[in-house]
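Visitor: I have a few questions about this one. Can we go through it together?

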Amino acid sequence: MAEPFKNMFNEQFFDLFTKDLKLVINDFDAREFVSQVMDDEWEGRELKQRCMHITTVLRKFLPADYKEAIAKILELLDHIKKTRPDFSVIDDTKFGLTLEYGGILDNYVEQYGLDDYETSVKAIEKITQFTSCEFVAHSFIIKYPDQMMKQMLVWSKHEHWGVRRLASEGCRPRLPWAMALPNLKENPAPIIPILENLKNDPARFVRLSVANNLNDIAKDNPEIVIDLVKKWKGESKEVDWIIKHGCRTLLKQGNPEVMELFGFNSTISNICVEDFQISSPEVKVGDSLEVSFKLLNKNDQTTKIRLEYGIYYQKANGTLTKKVHKISEKEYAGNSTTRITRKHSFRVVTTRKLHLGLHQIAMIINGNEFEKYSFELIE
């Protein structure tokens with residue numbers, strides 16, 4: 001199992017971080033700083049708690065005045081940019097500044113800068129060129145919805161791709177691990193001009209953020225995303241990728257209109273699944289479920305098929321919840337029979353808690369779900 005993210009705050013990190021802080025904070029006591037950070041409760045803190053705790057300790061070593069403290073943080077970033085170019089963002093293939101720095105610096109703005117909009121917005125604009133500031137952006141959108149969305153629109157035309165990415169990522173209504181944006185979930189209209197500005201962005205990470213924002217919007221306002229798909233479709237290869245990725249939830253839901261827009265006929269009377277087999281009626285945690293089946297295309301012509309399967313996972317309360325997994329999107333020759341085998345892993349991961357007991361699996365073709373088959377997840 002991978003090491004927990006919270007352990008990235010290790011001795012090597014603190015050695016680097018305190019050396020940098022010494023360059024911008026007069027009489028900085030590195031030993032005292034680390035001692036206060038790694039207190040008696042340190043081991044019990046999770047990732048976000050550790051970020052907040054480090055920020056709280058850092059405040060004791062920075063100037064008490066918020067504007068002066070932010071000036072020190074920006075001075076720190078200037079130092080890093082000059083002395084360690086590998087630590088600053090070089091292009092749109094990676095964020096150069098470590099996640100650890102980002103989690104601390106943007107958290108400082110979020111914790112102590114919500115009442116100083118002007119200073120904080122300037123800081124966010126600078127910090128996000130080194131790391132990612134979408135979480136703190138959410139806090140400011142909630143407190144200053146109109147001001148902040150106007151700022152995001154301005155940022156969507158910024159010269160630095162990291163700031164342009166923030167313009168989209170920072171206003172995602174359902175950004176994972178962040179507080180939701182209820183107003184934008186209900187009415188995403190302020191987001192659309194930002195996405196319009198960014199849909200042809202040369203930076204890959206920016207285009208990915210546009211797609212993810214569309215996918216967020218689709219969960220609450222599918223008709224808005226469908227209208228954008230109709231408007232944007234065919235504009236360029238990059239835009240077509242954005243709208244397809246942005247419609248992934250609607251495709252997994254089997255939305256008939258979206259299926260048709262991407263060339264999948266939702267009427268599949270001549271396509272079926274036969275001879276469905278499960279390798280074992282019991283699967284141990286850590287092992288994989290293996291299934292095989294025949295896919296029959298009884299149409300005379302070649303047919304484009306989106307093939308998926310749904311796993312109905314056992315929940316703690318005894319009910320089942322479905323998650324759709326994609327197998328392929330391809331064309332199948334007319335009057336063809338294709339044998340397909342698929343493995344699904346039940347290894348333990350941090351993003352899903354597995355519960356023992358009844359599970360089910362069902363094949364899905366162009367949004368149409370077939371018969372469910374049961375199996376047991378055991379220790």
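This is a predicted model: local features need pLDDT of at least 70, side-chain atom pairs count only at pLDDT 80 or more; totals for chains, interfaces and linings use all residues.

Visitor: Sheet, then. What is the strand order, and how do the strands pair?

Guide: The order is 1-3-6 in an open sheet of three strands, and the pairing is antiparallel.

Visitor: Which strands stand at the edges?

Guide: Strand 1 (271-278) and strand 6 (336-345) do. Each has a single partner strand, so one side of each has no neighbour in the sheet. On average, neighbouring strands here are turned by 25° against each other, ignoring direction.

Visitor: How many bridges between strand 3 and strand 6?

Guide: Ten, in the antiparallel sense, with strand 3 covering residues 288-297. As one example, Lys294 has Arg339 in strand 6 as its bridge partner.

Visitor: Now the surface. Which residues make the nonpolar patch?

Guide: Val285, Val348 and Leu356 make a patch of about 220 Å². Val285 sits in the loop between strand 2 (282-284) and strand 3.

Visitor: Why does Val285 count as partly exposed?

Guide: Because its relative accessibility is 31%, and partly exposed lies between the 20% limit for buried and the 50% limit for exposed.

Visitor: What does His53 touch, beyond residues up to four places away in sequence?

Guide: Gln36, Val37, Asp39, Trp42 and Arg45.

Visitor: And where is Arg207 relative to His53?

Guide: The two are 34 Å apart in space, C-alpha to C-alpha, and 154 residues apart in sequence.

Note on methods:
Residues are numbered from 1 along each chain as its sequence is written. Side-chain values use heavy atoms; hydrogens and water are left out. Two strands pair if DSSP finds at least two bridges between them. Helices (H or I, at least four residues) and strands (E, at least two) are DSSP runs, numbered from the N terminus. Axes are lines fitted to C-alpha atoms, for helices over the stretch in contact, and angles run from 0 to 180 degrees between N-to-C directions. Patches are made of residues with over 30% relative accessible area and no salt bridge: like charges are joined within 9 Å, nonpolar side chains (Val, Leu, Ile, Met, Phe, Trp, Tyr) within 5 Å. Accessible areas come from the Shrake-Rupley method with a 1.4 Å probe; for residues, only the protein chains shown count as cover. A salt bridge is a side-chain nitrogen of Lys or Arg within 4 Å of a carboxyl oxygen of Asp or Glu. Buried means under 20% relative accessible area, exposed over 50%, partly exposed in between (1.4 Å probe, protein chains only). Contact means heavy atoms within 4.5 Å.
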